[in-house]
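Here's a quick, friendly tour for anyone meeting this protein for the first time. Have a look at the model, then read on.

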Amino acid sequence: MHDDDDMARDAANREDGERELARLETLADWLDTRFRIPGTSIRFGIDGLVGLVPGLGDLAMLAPAFYLIARAAGLGAPLHVLARMLINTTLDLVIGAIPVIGDIFDVAFKANRRNTALLARFLERKKARRLR
């Protein structure tokens, strides 16, 4: 009976993790790749637009980036994954603050998409370990 409860709890946690990852991927899409420059394959999101506001734009985009990292921590992402996510976010902030070059970097680097990919990789490995 105890094993059935554990298996049911694991399945529910896995489903919750998959749903949360899907929500975070949607957020990252809006932040980094939601829009396309017509006639090109260049994609950008709200982060690239808000980042055009000197100084405050990049700082404002820290809130959703840190939310994504906090949710990853809540899903059990290990310290090394969270550290990589923080490095991506810090690079986005620091380089993104440089006029013109930073705006181009914001569009190309896509820190939030990178961070959700790191989380997805962690969750996939966690799932694979459970199946062994």
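## Contacts and overall build

A contact here means that heavy atoms lie within 4.5 Å. With that in hand: of the contacts in the protein with a separation of 6 or more, 59% come from residues 24 or more positions apart. Keep in mind that you're looking at a predicted model.

The protein has seven helices and two strands, and from the N terminus on they run α-β-β-α-α-α-α-α-α. Its C-alpha atoms fill a box of roughly 60 × 30 × 20 Å along the principal axes.

## Surface and charge

Out of 132 residues, 34% count as buried. The protein exposes about 8,100 Å², with carbon and sulfur atoms supplying 64% of that.

As for charge, there are 19 positive and 18 negative side chains, and the centres of the two sets sit 5 Å apart.

## Aromatic pairs

Now for the rings: the structure holds three aromatic pairs.

Another pair, F105 and F109, is stacked, with 4.8 Å centre to centre and 15° between the planes. Both residues belong to helix α6 (residues 101-109), four residues apart, or about one turn of the helix. F109 has a relative accessible area of 12%, so it counts as buried.

## Around W30

Ring pairs also join W30, F35 and F44 into a cluster.

Notes:
Residues numbered from 1 in each chain as written. Predicted model: local features only at pLDDT ≥ 70, side-chain atom pairs only at ≥ 80, totals over all residues. Heavy atoms only, no water. Phe/Tyr/Trp six-rings, centres within 6.5 Å; stacked < 30°, edge-to-face > 60°. Buried < 20%, exposed > 50% of the residue type's maximum accessible area, 1.4 Å probe, protein only. Areas by Shrake-Rupley, 256 points an atom, 1.4 Å probe, with all protein chains shown as cover. Lys, Arg positive; Asp, Glu negative; His and termini not counted. Charge placed at Lys NZ, Arg CZ, Asp CG, Glu CD.
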